[in-house]
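I set aside some time today to go through one model and write down what I looked up.

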Amino acid sequence: MSPDELARLIEELIVKADTNFARNMVKVQGALYEEILSVVKNLETEDGYILQNSNNRNILSQAEEKISEVFSGALYQASVSSYVAIIPKIDELNQQYFSTFKGFKENKQFLKSLQSQSIKTVEKYVLQDGLESQVISPLSQILNQNVNSGGKFSGFLEQIRTYVKGNDQVEGRALSYSRTFLRDSMFTYSRTFQQSVTADLKIEYYLYSGGLRDTSRPFCIERANKF
């Protein structure tokens, strides 16, 4: 297996997980929007504008509870877990590649530590603090700002819909944030594994560069612009 083949296989693995995650997140966002709508439809309005009263603020509290329920629910949690579950497969591909190098030995302690740290990072930023600050809190602000300012109800619904489900130009916020973080985390995990092993084995990679000419040999053509 060449370095290019290793990179391609790992990318294919992550892209597949990313596609499955996105498919599930569309369902999560759809459920989130419906749950919020089932509550905020009861907001009291006058001439199409949201009234600023205690009843409407109670309804906002109910909506915020629905948001928490969706993200703590089985579908979102399972979607994240399924993405992270590709880590052992990434390990297998890297180990398969480096097993051809003299002196390579699987460092189970390092792998266990790396996996543990990666999972903790995902939990913090996709299931806990990061999800709260990057997705849930801004959504709560949309709810509160519209009620506290007496915003137009139709505009309020459209704002929620765009934030939660997205439109032709943007993805829903939960999908955009969590998907980007998870994808980057998996690539970073793989690179960290590779950098650690190459440092231990004192492996150096060289880029075969310089361009091609009409007289370039097959040997050069095959390696052009590759490591």
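Entry 1, ground rules. The model is predicted, so I note that local features need pLDDT of at least 70 and side-chain atom pairs count only at pLDDT 80 or more, while totals for chains, interfaces and linings use all residues. Residues are numbered from 1 along each chain as its sequence is written, and side-chain values use heavy atoms, with hydrogens and water left out. Helices (H or I, at least four residues) and strands (E, at least two) are DSSP runs, numbered from the N terminus.

The largest one has 59 residues, of which Ile36, Phe71, Leu143 and Phe156 touch the most other members. At least two residues each come from helix 1 (3–40), helix 2 (54–71), helix 3 (74–84), helix 4, helix 5, helix 6 (129–148), helix 7 (153–165) and helix 8. Helix 1 gives the most, with 14 residues. I then listed the contacts (heavy atoms within 4.5 Å) of isoleucine 36. Leaving out residues up to four places away in sequence, isoleucine 36 touches Ile67, Leu139, Leu143, Ile160 and Val164.

Axes are lines fitted to C-alpha atoms, for helices over the stretch in contact, and angles run from 0 to 180 degrees between N-to-C directions. The axes of helix 1 and helix 7 come within 9 Å and cross at roughly 160°. The two helices are therefore roughly antiparallel (an angle over 145 degrees). Their crossing is right-handed, meaning that the near helix is turned clockwise from the far one by less than a right angle. From helix 1, Gln29, Gly30, Leu32, Tyr33, Ile36, Leu37 and Val40 meet Phe153, Phe156, Leu157, Ile160, Arg161, Val164 and Lys165 of helix 7. I sorted these residues into ten nonpolar, two polar and two charged. Here Ala, Val, Leu, Ile, Met, Phe, Trp, Tyr, Cys and Pro count as nonpolar, Asp, Glu, Lys and Arg as charged, and the others, Gly among them, as polar.

Glutamine 29 lies in helix 1 and counts as buried at 3% relative accessibility. Buried is under 20% relative accessible area, exposed over 50% and partly exposed in between (1.4 Å probe, protein chains only). Not counting residues up to four places away in sequence, glutamine 29 touches Val164, Lys165, Gly172, Arg173, Ala174 and Leu175.

The axes of helix 4 (residues 87–98) and helix 5 (residues 108–127) come within 11 Å and cross at roughly 145°. This crossing is right-handed. Ile87, Asp91 and Gln95 of helix 4 make the contact with Leu111, Gln115, Ser118 and Ile119 of helix 5. I count three nonpolar, three polar and one charged among them.

Serine 178 sits in helix 8 (residues 173–201) and is buried, with a relative accessible area of 0%. Apart from neighbours within four places in sequence, serine 178 is in contact with Phe21, Met25, Tyr76 and Val126. Aspartate 47 is in the loop between strand 1 (45–46) and strand 2 (49–50). Its phi is near 55°, a positive value in a residue other than glycine. Aspartate 47 is exposed, at 71% relative accessible area.

Key: Core = buried A, V, L, I, M, F, W, Y, C linked by side-chain atoms within 4.5 Å. Parallel < 35°, antiparallel > 145°, perpendicular 65-115°, else oblique.
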